[in-house]
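Here is a short briefing on a protein model and its ligand.

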Amino acid sequence: MTKPAALGQFSAAFRNDFSELLRWRRDVRSFRNDPVDEAALSRCLDTFTLAPSVGLSQPSRIVKVVSPQARQATLENFQRANEKALAGYEGETAQAYANLKLAGLKEAPVQLAVFCDEATEQGKGLGVQTMPEMLHYSVVSAIMQFWLMLRAEGIGLGWVSILDPKALCASLNTPQNWSLVGYLCIGYPEEITREPELERAGWEHRNAHPEIIEC
Ligand SMILES: Cc1cc2nc3c(=O)[nH]c(=O)nc-3n(C[C@H](O)[C@H](O)[C@H](O)COP(=O)(O)O)c2cc1C
């Protein structure tokens, strides 16, 4: 008998599909330029409120970057940061790095800057006394499930971290206590694949098993 997901019971078929979803999730850098379905995007954004967060603090803050000026500032920020990053490599590795496409900032129809509100009073400080970084991890958890939900809707996400966060906060004029966690490029992917792009480019390969030690 099929288990009813609406009652919190998940079937073997669902587990299999979920596992496939994890395998088919990709970091996307090449997007089609057709607009993203608004209703689908809205469903995905709602998952932010379902995410785990330390003390139930819900510290994610989302800025939808729409204006051409703000997008241009992000693109230039990335280009500067990427040039600096390239300068840190030598020889064949530098050549390989230069050939990678590491952001879809020119073409992604939807762009979100996701911040952590470090001054949030929600959660009353539970769980962050000794490890304040837990607030940031909470935002990462929310992004992760947003990413999966997008993928389930056929929408791709590319996480851009090659940015100067201070300059980005200045160009987006965000509150002082917000720190950047992820700049997300979103749209329909140009291609659908099971292999990470960096793996296909020969930059790095994915380990088949997690490293686990016992103590
Ligand atoms: C926190 C974080 C930051 C990332 N930043 C970048 C980035 O700036 N540029 C990029 O091309 N990929 C970025 N990625 C994507 C990774 O390169 C990608 O997840 C990895 O190569 C595995 O590929 P997959 O996500 O398609 O499985 C980032 C991923 C994470 C989780």
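The largest cavity holds about 50 Å³ of space, a volume being the space filled by probe spheres set on grid points joined across faces, edges and corners. This is a predicted model, in which local features need pLDDT of at least 70, side-chain atom pairs count only at pLDDT 80 or more, and totals for chains, interfaces and linings use all residues. Residues are numbered from 1 along each chain as its sequence is written, and side-chain values use heavy atoms, with hydrogens and water left out.

**Cavity**
- The structure has one cavity of 30 Å³ or more (on a 1 Å grid over the protein atoms alone, a set of points where a 1.4 Å probe fits but cannot get out).
- Lining residues (an atom within 4 Å of a point) of the largest cavity include W24, R26, R151 and E191.
- Four nonpolar, two polar and three charged residues make up that lining, with Gly counted as polar.

**Ligand shell**
- Residues around the ligand (a heavy atom within 4 Å) include R25, R26, D27, L102, S161 and R206.
- By class, this shell has six nonpolar, one polar and five charged residues.

**Polar contacts** (pairs of N or O atoms within 3.5 Å)
- R26 places a polar side-chain atom 2.7 Å from a ligand oxygen atom.
- S161 has a polar backbone atom 2.7 Å from an oxygen atom of the ligand.
- For L102, a backbone N or O atom lies 2.9 Å from a ligand nitrogen atom.
- The protein covers 74% of the 620 Å² of accessible area that the ligand has on its own (Shrake-Rupley method, 1.4 Å probe).

Key. 1 Å grid on protein atoms, 1.4 Å probe; cavity = no way out; pocket = protein on both sides within 12 Å on 5 of 7 lines; lining within 4 Å. Polar contact = N/O pair within 3.5 Å; in protein donor to acceptor, adjacent residues only side chain to side chain.
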